[in-house]
Every structure is written in structure tokens, then in C-alpha cells.
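Please look over the chain below before reading my remarks, which follow as numbered points.

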Amino acid sequence: MSAGRVTLIPGDGIGPEITTAVCGILTAAGVELEWDEQLAGVAGLEETGTPLPDATVESLRQTGLALKGPLTTPVGTGFRSVNVALRREFDLYANVRPAKSLIPGSRFENVDIVLVRENTEGLYIGFEALIPVGGDPKAVAQSNAVVTRRGCERIARFAFEYAVKHGRKKVTICHKANILKAVSGLFLETAWDVAREYEGRVEADDVIIDAAAMKLVLDPSQFDVIVTTNMFGDILSDEIAGLVGGLGMAPGANIGDRAALFEAVHGSAPDIAGRGIANPSALLLAACLLLDHLEDTDAAGRIRKALEATLEDGSVLTPDLKGNATTMEFADAVTRRLD
Ligand code: NAI
Ligand code: MG
């Protein structure tokens, strides 16, 4: 049993469908959370005229916890990513993305990797410019990556602390310090400084990012916890999601000192929105991460077991997992297996 207030952002596209399914499973599991439902993204824009209403930010400031459905971000033009704005506003510096094989018959049956991605620095800060040369306004494009020793230190420490807390054996530092000697070099050096403090408790090694991408598809079982900078983490986390059955199965936590926000790695899936066939597993696993964060390991464990049993049984699956069940049929199958 757990109690507490949590900001709930159903989001756009398939967001409301999977949120309804997930909240139903949590209630059936006896989780007693008080949801403070708030708007963001296109839903926020249409209702209040802004994609990130003040009320949503204020709610998260008060609860310090959110479960969030995906938010649509227009490509190229329109408003900037609300996901990035929330990560910045609440300094949600650690993006934790666990991936575990749960689907029988997947290419790999032994994946159990936790990717810890730095969420606030690097190339994604968007220090960009187009430089005109001659008559061409876009002759040169430039983007600056910025990392700080403090930012590198806190993400490395987060990864090693996570390993200790969750009984993980090894942290692999992924980098490109051979080429990006300053930006990636500082990350590597700082991460190793932290690693030495955990000597004897958590093993550490480092792998160059492109080799890591190759090693992951050859034999993912050689990885345990991975820590890396923002863009490398973005790319590797989708690769790792692919090793365990795709985006429908991948949850993520965005964690800072003042707030934590839990979501699926996938987006609003406009191609299937409104059809009631989205896979709620990723958001359900994100809700389990929220329960872990609240130290309600009993409810999280029971929900994960019910989800695993449903996937194992394989008779009620959504179309992305080659089944023909609806979101709610799948959610009901999970609920029936709760003990
Ligand atoms: P997407 O993740 O929404 O969809 C990619 C493919 O995966 C689609 O074919 C979709 O149908 C499928 N898919 C995704 N989640 C699924 C689920 N739960 N069940 C079954 N199939 C699923 O990525 P896309 O199309 O690139 O982005 C759509 C929108 O989502 C964009 O506006 C993007 O900015 C936004 N987005 C938001 C994120 C967030 O809020 N954290 C993360 C990623 C994208
Ligand atoms: Mg991504």
C-alpha cells in the first residue's frame, strides 16, 4: 500500500488511452496514490493556450512526483519540447532507462541493462548557429556541446549509487574521449574519479561509444549499468529498447534532487492514436519505477510479475507484440494475474 500525491499528465496521442489503462491496473493492485491530473503538450495548448501551463509546473513543484504520458512536439517549427523544458525547469539530471527481456522468443532473452543518461548538458543544450558565407545563409552550421565537471560528477555518482542500491555489479562508462578530448575527456576523467571511490563495491570499465553500440547487439549480457552523456544516452537507450522488444516495452525515469518524473520512452504514436490498440506496458513499467522510488516494492513487484506472466502466456497481446488485443483487453489480462 502506498499513499501520496502524484501529478498525472495523460499527454497527447495514445497518452490518455495508456494512462487510463495503467491507472486502472495500479488501483486494482491496491496502490493508493492521489492523482493530480494536469495538462501539457498539444492538450495543454488547445485547452489553455500554452503547451506547459503554470498550473502543471506548480503541481509538480508541490508533489515532486509525476507520471507522464507522451507529449507531441512539432518538428522544425512550433513550440519547443515540453519534455526538455520540464527536465530543465526541475533540473532532472538523471535519465534512468532500464531494459529487461520480458518477451519469450525475443532475439535476446538475457538482457538486463540499466542505462543512466545525463539529461541536462552536452550537445542537446542547443547552442547552435547558422553562419552565412558568401550568398548562402546556411553555408555553415555549428553546434557547441557543453559539459561541466559538476554535471559529469553528479551523473557518475548517481550511476554508482544506483548500482550499490540495486545490487548491480558493474558500471560501464561510454564516451568518445579519443576524438572529443575536452567534452568527452572531462566526462571520462571525472567518471573514473568517482569509480575509484566505489572500488571493491562496484566494478567499472569504459568503452568507446561506437564499440559499445556494436557490443550491445552482439552480446548485451556483457553490460550491466551504463553511464553516458546526453546524446550518446539518447541513441543507446533506443538501441537497448530494441533489444527487448521495442519502444512499447521501455520505461524511463527523469530524476533530480527536487522532483522525479516517470514516463515511457516512446512518443505519442499519432499513427495509432484513438484506436485503443497501444501497448500500455512501457508506461506501466514507468509507474513501477515510480513505486520503486516511493519504496513501495511490494506493489511494484506484484505488478511486474503480473505483466511478465501476461507476456509469457502470450495469448493476449497488443498488435505491436504481434497480438490482436486492445489496450484495455491487455490491461484486464494483467489485472487478472495480480495476486
Ligand atoms: P513514437 O514513439 O510516438 O512512435 C514510433 C512508432 O512506435 C510508431 O509506429 C508507433 O505507433 C509505435 N509505438 C510507440 N509507442 C507505442 C505503444 N505504446 N504501443 C504500440 N506502438 C507504439 O515516435 P514518433 O512517431 O517519432 O513521435 C511521435 C510524437 O511523439 C512526436 O511529436 C514526438 O516529438 C513525440 N515524442 C514524445 C516523447 C515524450 O513525450 N517523452 C518521446 C518521443 C517522442
Ligand atoms: Mg530519444
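**Notes on the model**

1. Leaving aside neighbours within four places in sequence, I303 is in contact with I25, L26, A29, L284, C288, L291 and L338, where contact means heavy atoms within 4.5 Å. Please keep in mind that this is a predicted model, in which local features need pLDDT of at least 70 and side-chain atom pairs count only at pLDDT 80 or more, while totals for chains, interfaces and linings use all residues. Residues are numbered from 1 along each chain as its sequence is written, chains are lettered from A and ligands numbered from 1 in the order in which they are written, and side-chain values use heavy atoms, with hydrogens and water left out.

2. A nonpolar core is a set of buried Ala, Val, Leu, Ile, Met, Phe, Trp, Tyr and Cys residues joined through side-chain atoms within 4.5 Å; buried means under 20% relative accessible area, exposed over 50%, and partly exposed in between, with a 1.4 Å probe and protein chains only. In soluble globular proteins, nonpolar side chains tend to be buried together.

3. L338, which I303 touches, lies in the segment after α11 (327-336) and counts as buried because its relative accessibility is 16%. L338 and R304 are 34 residues apart in sequence, yet their C-alpha atoms are 9.2 Å apart in space.

4. How is the protein chain divided? Two parts are assigned, domain 1 (1-98 + 245-339) and domain 2 (107-243), with bounds that come from an automatic or database domain assignment. The C-alpha centres of the two domains lie 25 Å apart, and the contact between them takes 18 residues from domain 1 and 22 residues from domain 2. The area buried between domain 1 and domain 2 is about 1,600 Å², of which carbon and sulfur atoms give 49%; buried area here is the accessible area (1.4 Å probe) that two parts lose on being put together, summed over both. In domain 1, Y93, N95 and R97 lose the most area to domain 2, together 39% of what that side buries.

5. On the overall form, the protein chain has eleven helices and twelve strands, where helices (H or I, at least four residues) and strands (E, at least two) are DSSP runs numbered from the N terminus. The radius of gyration is 20 Å, which agrees with the value near 20 Å for a compact globule of 339 residues; this radius is taken over C-alpha atoms, and the globule rule is 2.2 Å times the number of residues to the power 0.38. Of the 339 residues, 52% count as buried. Among contacts between residues at least 6 apart in sequence, 71% join residues at least 24 apart.

6. Most residues other than glycine have a negative phi, and most peptide bonds are trans. D91 counts as partly exposed because its relative accessibility is 24%, whereas K322, at 78%, counts as exposed.

7. Is N279 buried or exposed? N279, in the loop between β12 (260-264) and α9, counts as buried, since its relative accessibility is 5%. Not counting residues up to four places away in sequence, N279 touches I18, G248, M249, H266, T318, D320, L321 and F330.
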